[in-house]
Amino acid sequence: MSLHDYFERTYFLSYCQSLYNKDKAYDAEQTDRLNRHRHVEPDSAQFLANIAMIRKPNKVLEIGTSTGFSTLWLAYGLRHCPNVGFISLDIDKTRSDVAKSHLQAVGLSTLVDLKVQDASDYLSQNREIFDFIFLDAERKFYSDYTEYLHCALTIGSVLIVDNVISHSGEVNQFLAVFKNDKRYICHTLDIGAGLFMAVRQEP
């Protein structure tokens, strides 16, 4: 690792830790869960970056930007992937703008196309195939996304869903669709609040 890379990594890690601590304190003060930023846990964020580095995807979709903690880590994991297309969706423009400022602060803003759009609207119009999809949005809408997600995944594509242990009752029905589909091999990982990973094996 070069000296430049060392300081770049050190700054990135420090920035992310500071952001996580700040937003965790903010969330603790909110009585309405919809006002919380609800970031992934640091272990989950680092796992996402590792999967991105290993998979080296060409097209990535994140559903649920919030203020960009997971987006930062995904972009970090994708920084050496040439010509990667990374789209991150959120319905809240204010939060998307905050995410943009964080990406700019660590020099990764050019890697991410931040879209302010309802996920259902985007997915219903989407004709792209993604190598990697990360889902961390309003869980009550997940079942509405199921068929669209099937269409957006192909052999070797990876779907990762957050909060599957901490909020298992809210996502079990959605996850069962993938677990019972022979096209996927699925795993539930005890990382952070729980990550579900489905890898597409068949067309």
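A residue counts as exposed when its relative accessible area is over 50%, as buried when that area is under 20%, and as partly exposed in between. By this rule Lys93 is exposed, because its relative accessible area is 51%. The model is predicted.

**A salt bridge within one helix**

- The structure holds nine salt bridges, and one of them joins the side chains of Lys93 and Asp97, with N and O 2.8 Å apart.
- Lys93 and Asp97 are four residues apart in helix α4, which spans residues 93-105, so about one helical turn separates them.
- Whereas Lys93 is exposed, Asp97 counts as partly exposed because its relative accessibility is 38%.

- Arg33 forms a salt bridge with Glu138, and their closest N and O atoms are 3.3 Å apart.
- This pair links distant parts of the chain, 105 residues apart: Arg33 is in the loop between α1 (3-28) and α2 (42-55), and Glu138 is in the loop between β4 (132-135) and α6.
- Arg33 has a relative accessibility of 30% and therefore counts as partly exposed.
- Arg55 forms a salt bridge with Asp131, the closest N and O atoms being 3.5 Å apart.
- Because Arg55 lies in helix α2 and Asp131 in the loop between α5 (119-125) and β4, the pair ties together parts that are 76 residues apart in sequence.
- The two partners can be described by their accessibility: Arg55 is partly exposed at 29%, while Asp131 is buried at 13%.

**The packing of helices α6 and α7**

- Two packed helices are described by the angle between their axes and the distance between the axes.
- The axes of α6 (residues 142-152) and α7 (residues 168-179) come within 9 Å and cross at roughly 20°.
- Angles under 35 degrees count as roughly parallel, so α6 and α7 are roughly parallel to each other.
- The crossing of these two helices, α6 and α7, is right-handed.
- In the contact, Tyr142, Ser143, Thr146, Leu149 and His150 of α6 meet Val171, Phe174, Val177 and Phe178 of α7.
- The residues of this contact comprise six nonpolar, three polar and no charged ones.

Technical notes
Residues are numbered from 1 along each chain as its sequence is written. This is a predicted model: local features need pLDDT of at least 70, side-chain atom pairs count only at pLDDT 80 or more; totals for chains, interfaces and linings use all residues. Side-chain values use heavy atoms; hydrogens and water are left out. Axes are lines fitted to C-alpha atoms, for helices over the stretch in contact, and angles run from 0 to 180 degrees between N-to-C directions. Angles under 35 degrees count as roughly parallel, over 145 as roughly antiparallel, 65 to 115 as roughly perpendicular and the rest as oblique. A crossing is left-handed if the near helix is turned anticlockwise from the far one by less than a right angle, and right-handed if clockwise. Contact means heavy atoms within 4.5 Å. Ala, Val, Leu, Ile, Met, Phe, Trp, Tyr, Cys and Pro count as nonpolar, Asp, Glu, Lys and Arg as charged, and the others, Gly among them, as polar. A salt bridge is a side-chain nitrogen of Lys or Arg within 4 Å of a carboxyl oxygen of Asp or Glu. Buried means under 20% relative accessible area, exposed over 50%, partly exposed in between (1.4 Å probe, protein chains only).
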